[in-house]
Amino acid sequence: MHIPGLLTLASRLARTLLPPVCQVCAEPGEQDRELCAACCLALPWHTDACARCAAPLPDDATALCFRCEESPPLLDAAWAGFRYEDPISGLMLRYKFHEDLAAGRLLAQLMVLSPPPWDAVPLVAVPLHPSRLRRRGYDQAAQLARQLGLPCWQGLHRVRATLPQSERSADARRHNLDGAFAVRGDVPESVVLVDDVMTTGSTLHACAEALRNAGCQDVRAWVCARVP
Ligand SMILES: [Zn+2]
Ligand SMILES: [Zn+2]
């Protein structure tokens, strides 16, 4: 067996034999999760959010933020279990940029703990371009989607490599994604996009546009965390 295979086997064995340890504070984990009860309680749970874009809402607000009231976005609904704050943001950086797959596994478990209030099937992960996937070695959104344990649809593809969205203005983000996504095969009537973080939503909106142009009637998004 080659080294990565051995390492995977070793980490699987360790997970079965050793009790889980909190990835945030190193205390014993709770319910087979690598998170302790205190850290779980202190997570930045995202309550009071806009039903269409998952942006935070003031306490006394209705279901939609004023932006979505004025011009409805391409997403029929958006759901984020958490705000992009510590320790979610720290786990996310470890998962995305330091190949910490255990952090990704925990983030998927936390998404399952805070599911959207609607049926989330089939899931469609926001795809990476094949060239980026080759460089990174794994696709963070696809892995999250797989670990949610629901049926996934594989027909959405990134057909144009784009520059990283972070550090670009909202306007530049939108144009950066023109024609970046394409749909292959018969599109389901409704789908739920899955991604790790939603910032301005431009990536999700570009996916939603491609899916709608292909005939999809209802496009929702389920992300782990929303940047407030
Ligand atoms: Zn802890
Ligand atoms: Zn909104």
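Glu 99 lies in the loop that links H4 to H5 in this predicted model. Helices (H or I runs in DSSP, at least four residues) and strands (E runs in DSSP, at least two) are numbered from the N terminus. The phi angle of Glu 99 is near 55 degrees, a positive value in a residue other than glycine. Glu 99 is exposed, with a relative accessible area of 57%; exposed denotes over 50% relative accessible area, buried under 20%, and partly exposed the range in between, for a 1.4 Å probe and protein chains only.

A phi near 55 degrees, again positive in a residue other than glycine, is found at Asp 48. Asp 48 is placed in the loop between helix H2 (37-41) and helix H3 (66-70). Its relative accessible area of 43% makes Asp 48 partly exposed.

Most residues other than glycine have a negative phi, and most peptide bonds are trans. Asp 86 and Pro 87 are joined by a cis peptide bond, with omega about 0 degrees. Pro 87 belongs to the loop between strand S1 (77-83) and helix H4 (88-97). A cis peptide bond also runs from Val 121 to Pro 122, where omega is near -15 degrees. Pro 122 is in the loop between helix H5 (101-113) and strand S2 (123-125).

Residues are numbered from 1 along each chain as its sequence is written, and chains are lettered from A and ligands numbered from 1 in the order in which they are written. Local features need pLDDT of at least 70, side-chain atom pairs count only at pLDDT 80 or more, totals for chains, interfaces and linings use all residues, and side-chain values use heavy atoms, with hydrogens and water left out.
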